[in-house]
Amino acid sequence: MWNFIHNYYSNKKTHPSTLAFFRITFGGLMFFSTIRFWSKGWIESLYIKPKYHFKYYLFEWVNDFGDYTYLLFIVCLISSLFVTLGYKYRISIITFFLVFTYVELIDKTTYLNHYYLTSCLAFIMCFLPAGNYFSLDSYLSNETIDEIPIWTIDSIKIFICLVYFFAGIAKINSDWLIEAQPLSLWLKSKYDLPIIGQNLMQFKSTHYLASWFGMLYDISIPFFLLLRRTKYIAFIFVIIFHVLTKVFFPSIGMFPYIMITSAVIFFDSKIHIKLLNLIKENITIIFSFIGFKIKELNENIKVKTILPNRIIFTSLLVFIIFQIFFPLRYLLYPGELFWNEQGYRFSWRVMLMEKRGDTTFKIKDSVSGKFFYVKNEEFLTPFQEKQMSFQPDFILEYAHYLESYYSDKGYQNIQVFADSFVALNGRPSQRFLDPNFDLITTEESFNNKNWILPLNDEIKGL
């Protein structure tokens with residue numbers, strides 16, 4: 001075993017074109033994604049306009065910069081462009097990772113799986129020699145590389161496989177497979193789609209077909225992408241699946257594009273060499289058209305050797321191991337995961353819930369017994385209020401915020417109670433929390449939230 005590991009670590013090599021092409025596609029997607037985010041006005045509506053931001057546990061110190069938050073997105077824009085071009089690559093990718101992740105930590109209301117996916121991929125790329133081939137760095141220094149350790153590529157492949165696999169096993173539950181929920185709710189609402197909206201999308205059989213296909217796709221696609229004989233057919237299914245996902249669920253954002261372009265890393269390096277040559281030819285044509293001649297690398301170009309690095313290898317190995325066990329942390333908590341959401345985020349559970357809530361907060365003087373109800377719209381944006389209404393950690397954090405706010409206003413002996421009703425995957429709405437539990441008597445932690453009432457049903461599965 002140790003001989004195999006040592007041989008894999010030290011001797012297995014591959015062509016750097018695969019990593020270079022991944023760098024270009026990843027950086028390019030992030031560049032256009034940042035422009036898209038800005039153009040839709042989301043910087044102001046999500047990060048500047050809100051009076052209050054919901055924080056991730058242990059990251060309460062992350063704050064927005066007011067109007068200067070735009071500077072963070074400018075840095076993201078520039079660093080992602082430099083990553084694409086391979087200019088000052090190491091500095092650029094580390095900068096992008098840090099700034100992008102910081103922005104996502106400002107408010108957990110904006111949490112999406114593909115934001116977390118982006119941060120993880122950027123983190124991996126901080127350790128990889130992706131800027132030493134087909135890049136401005138190699139062009140300007142007249143240095144390049146001809147091979148890299150194969151585990152630098154495999155680290156990305158394994159991570160992508162884990163994302164798919166965990167997304168797949170998460171769908172092995174009675175709501176998804178037996179009830180076809182929440183797809184049944186969502187697909188029925190697509191009545192405005194041309195031709196299929198008012199007929200095909202309304203059939204229960206369509207909902208079951210989509211649910212089962214989604215589960216089987218997520219579980220099996222990593223293995224088909226890894227196999228030489230099936231990887232190209234599997235890539236066609238990747239395109240079809242994610243294009244359909246984008247058509248049916250436009251609000252899913254950049255996730256389909258990220259998964260499609262990421263799957264290209266499973267191709268042979270010969271394909272990547274051809275793709276890079278095609279990019280080079282088009283760049284040459286464009287620059288020639290505007291009268292700018294690109295110099296050729298001279299015959300004395302230096303070919304560097306990228307040696308295996310134990311620190312980098314160990315760091316990536318630790319990260320992969322973390323990604324294997326962290327999504328399983330929900331097993332440490334009692335109760336229904338979809339209901340209490342303890343261990344739900346950061347576990348690649350994609351599009352598994354349709355959850356709506358209505359939560360009212362009562363501020364009470366424990367001595368006099370006087371109380372009043374809070375108007376949530378005075379503190380939260382509609383989007384924040386919607387997310388807060390059914391997520392227990394949001395509710396707890398907001399209760400502490402209200403306690404602090406009214407304490408500053410001179411109120412004393414404050415107690416904060418929440419009366420919450422939540423509907424999950426088409427079920428009737430039921431009371432979510434103990435309405436007699438004073439929320440400010442507990443703090444956010446990794447402990448079980450025993451003040452969440454149990455779901456009046458059982459969701460069987462993994």
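Reader: Hi! Which helix gives the largest share of the lining of the second largest pocket?

Author: That would be α6, which supplies five residues of that lining. One thing to keep in mind as we go: this is a predicted model.

Reader: Good to know. Which other elements supply at least two residues there?

Author: Besides α6 (113-125), the elements with at least two lining residues are α5 (89-105), α15 (310-325) and α18 (392-408).

Reader: And how much space lies in the second largest pocket?

Author: About 1,100 Å³. The lining has 39 residues, and those closest to the pocket's centre are Y56, F59, F326, R329 and F346.

Reader: How does that lining divide into nonpolar, polar and charged residues?

Author: There are 22 nonpolar residues, nine polar ones and eight charged ones.

Reader: Let's go inside. How many cavities of 30 Å³ or more does a search of the whole structure find?

Author: One. The space in this largest cavity comes to about 30 Å³.

Reader: Which residues line the largest cavity?

Author: F22, T25, F26, L29, I258, T261 and S262. Two elements, α2 (17-39) and α13 (255-263), each give two or more residues to the lining. The most come from α2, with four.

Reader: What does the lining of the largest cavity look like by class?

Author: It has four nonpolar and three polar residues, and no charged ones.

Reader: Nice. What is I156 in contact with, leaving aside neighbours within four places in sequence?

Author: Its partners are L19, F22, L121, I124, L128 and I265. F22 also turns up in the lining of the largest cavity.

Reader: Changing topic to strands: in what order do the four strands of the open sheet run?

Author: The order is β6-β5-β7-β8, with antiparallel pairing. β6 (371-373) and β8 sit at the edges, each pairing on one side only.

Reader: Then how many bridges does β5 make with β7?

Author: Strand β5 (residues 355-365) pairs with β7 over 11 bridges, in the antiparallel sense. To pick out one of them, D358 has F421 in β7 as its bridge partner.

Reader: And how many bridges join β7 to β8?

Author: Two, and these strands run antiparallel as well. If you want to find the spot, look for V422, which stands opposite Q430 in β8 (residues 430-431).

Reader: What about the hairpin of β7 and β8, which residue takes a positive phi there?

Author: N425, with a phi near 50°. Five residues lie between the two strands of that hairpin.

Reader: Last one: is β7 mostly covered or mostly open?

Author: Mostly covered: β7 spans residues 414-424, and eight of its 11 residues are buried.

How values were computed
Residues numbered from 1 in each chain as written. Predicted model: local features only at pLDDT ≥ 70, side-chain atom pairs only at ≥ 80, totals over all residues. Heavy atoms only, no water. Buried < 20%, exposed > 50% of the residue type's maximum accessible area, 1.4 Å probe, protein only. Pairing = 2+ DSSP bridges. Contact = heavy atoms within 4.5 Å. 1 Å grid on protein atoms, 1.4 Å probe; cavity = no way out; pocket = protein on both sides within 12 Å on 5 of 7 lines; lining within 4 Å. Points joined across faces, edges and corners; volume = space filled by probe spheres on them. Nonpolar A, V, L, I, M, F, W, Y, C, P; charged D, E, K, R; others polar.
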